[in-house]
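These are my notes from going through one model, entry by entry. I looked up rings, sheets, core and backbone in turn.

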Amino acid sequence: MSYAKEKNTPTVYDVAKLAGVSPATVSRFLNRTTYVSDEKSQKIEDAINQLDYKPVFKPAESNRRSMTIGALVQHPDSPFTSQILNDMEKVLISQGYQLSIASGHWDKKLETHALNYLTQQNVDGLIIVTGNLTNNQIIDAAKDTPVIAVGYDIKNNQVRCVNIDNELAGYIATLHLLQLGHVNIGHIKGHANQPDAYQRFEGYKRAMKEAGIQPNRRLIKNGDFSSAKAYKLTTELLNDPKAKVTAIFAANDLSAYGVIKAIHDHGLKVPDDISVIGFDDLPTSQYFTPGLTTLRQPIEEIGTVAAHSILNFLSGERHDDKLPPIDLIVRESTKSLHE
């Protein structure tokens, strides 16, 4: 027996709004998948009591639907992931499902633990949003549970993939800098061996080679998608007298924030001295100083498309799970060398 949400029945989304936290944090609190601070836990408990929210847990019988979809993400409280989860949850709640969230934190052991946790929770379907899991791990999980894998390319009847062309996006980002006259273009990469990071780097290399420029290893740094790591790596780059970097392509917007901060702390200006381009177009990027030039991922569509895909999968329907193309958003952080 499935449960139907009445119009005024409180949801995880309502609890999150009242508690001032993300829906992902509420889900982690309810499922005890990862640590939630005492302060946030108290706010969530108070919101649950005030709204009289009643979470629905899996049924005892394994052959009955739990009306729960598992979501494996990396950093659930990041702006990028929170947007995806919020949109995902809105679609699922409207169809009587709830979301159970586990985090991998870009750590292979934690991701494997999170995957095992979700598959043992009798979830009806599983949505995996990027990460370091191998194709075989995902295929094994899909033997018992339908899987939507975002950012993967897997050919399997029980796995459907939702992808953006990260290689093309990396190419477009680098081409933008090349067209502005930059030659010494640095790249702060994402996590090593992570598919999105690898493909964006491949796009960077393709654009450079097509321009007749051999990528300079001194200008390429292995990051981890975080502002802190990007700050450290950019500082190293700026302290290298042989680098002579005039532009930097950061693997995501959070990394770009760290890049810009490091340039500023080094006594230089963006874009007068060094141009910077990111990747994601987080909501904060247009308000950053200077406004960040970036590649806009269809963040608002990823969660919605993934949720509809798993629902269609469960109902036996098939449709084309495509995302809108990536857009180049030009703001104030990039500048032509000829100006």
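**Aromatic rings.** I checked F201 and Y204 for burial in this predicted model, and F201 is buried, as is Y204. The two rings form a stacked pair, with 6.0 Å centre to centre and 20° between the planes. I noted that F201 and Y204 sit three residues apart in helix 8, so about one helical turn separates them.

Y257 belongs to helix 10, while F288 lies in the loop between strand 9 and strand 10 (294-296), and 31 residues separate the two. F288 has a relative accessible area of 24%, so I put F288 down as partly exposed.

I looked up the order of the strands and found an open sheet running 7-6-8-9, with parallel pairing. Between strand 8 (residues 247-250) and strand 9 I found three bridges in the parallel sense. I248 has V276 of strand 9 as its bridge partner.

Next I looked for helices on this sheet. Helix 8 (residues 195-210) packs on it and touches strand 6 (185-188), strand 7 and strand 8. The direction of helix 8 makes about 170° with that of strand 6. Helix 10 (residues 253-265) also packs on the sheet, and its contacts are with strand 6, strand 8 and strand 9. For helix 10 I noted an angle of about 150° with the direction of strand 8.

I found an open sheet of five strands in the order 2-1-3-4-5, with parallel pairing. Strand 2 (98-103) and strand 5 (159-162) are the edge strands, each pairing on one side only. On average, neighbouring strands here are turned by 20° against each other, direction ignored. I counted six bridges between strand 1 (residues 68-73) and strand 2, which run parallel. Within that pairing, A71 stands opposite I101 of strand 2. Helix 11 packs on this sheet and touches strand 1, strand 3 (125-129), strand 4 (147-150) and strand 5. The direction of helix 11 makes about 155° with that of strand 4.

**Nonpolar core.** Which residues touch the most other members of the largest nonpolar core? They are M88, L92, I127 and I310, out of 68 residues in that core. Helix 11 (residues 299-315) gives the largest share, nine residues. Apart from this core lies another of 18 residues, among them L126, L133, A149 and Y152. I then listed contacts of M88, leaving out residues up to four places away in sequence; they include A71, L99, I127, V129 and G303.

**Helix 1.** I asked which residues of helix 1 (residues 12-19) are buried. They are V12, V15, A16 and A19. Viewed down the helix axis, these buried residues fall within an arc of 100°, so they line one face of helix 1. Just after the helix, G20 has a positive phi of about 75°.

**Backbone details.** I looked for cis peptide bonds. One joins V270 and P271, with omega about 5°, and P271 is in the loop between helix 10 and strand 9. The bond from T289 to P290 is cis too, with omega near -5°; P290 is in the loop between strand 9 and strand 10.

I also checked for positive phi in residues other than glycine. T130 has phi near 50° and is in the loop between strand 3 and helix 6 (135-141). T130 is buried, at a relative accessible area of 11%. K244 has phi near 50° and is in the loop between helix 9 (227-238) and strand 8. K244 counts as exposed, at 61% relative accessibility.

Methods:
Residues are numbered from 1 along each chain as its sequence is written. This is a predicted model: local features need pLDDT of at least 70, side-chain atom pairs count only at pLDDT 80 or more; totals for chains, interfaces and linings use all residues. Side-chain values use heavy atoms; hydrogens and water are left out. Buried means under 20% relative accessible area, exposed over 50%, partly exposed in between (1.4 Å probe, protein chains only). Helices (H or I, at least four residues) and strands (E, at least two) are DSSP runs, numbered from the N terminus. The arc is that of the directions from the helix axis to the C-beta atoms. A nonpolar core is a set of buried Ala, Val, Leu, Ile, Met, Phe, Trp, Tyr and Cys residues joined through side-chain atoms within 4.5 Å. Contact means heavy atoms within 4.5 Å. Two strands pair if DSSP finds at least two bridges between them. Axes are lines fitted to C-alpha atoms, for helices over the stretch in contact, and angles run from 0 to 180 degrees between N-to-C directions. Rings of Phe, Tyr and Trp (its six-membered ring) pair if their centres lie within 6.5 Å; planes under 30 degrees apart count as stacked, over 60 as edge-to-face and the rest as tilted.
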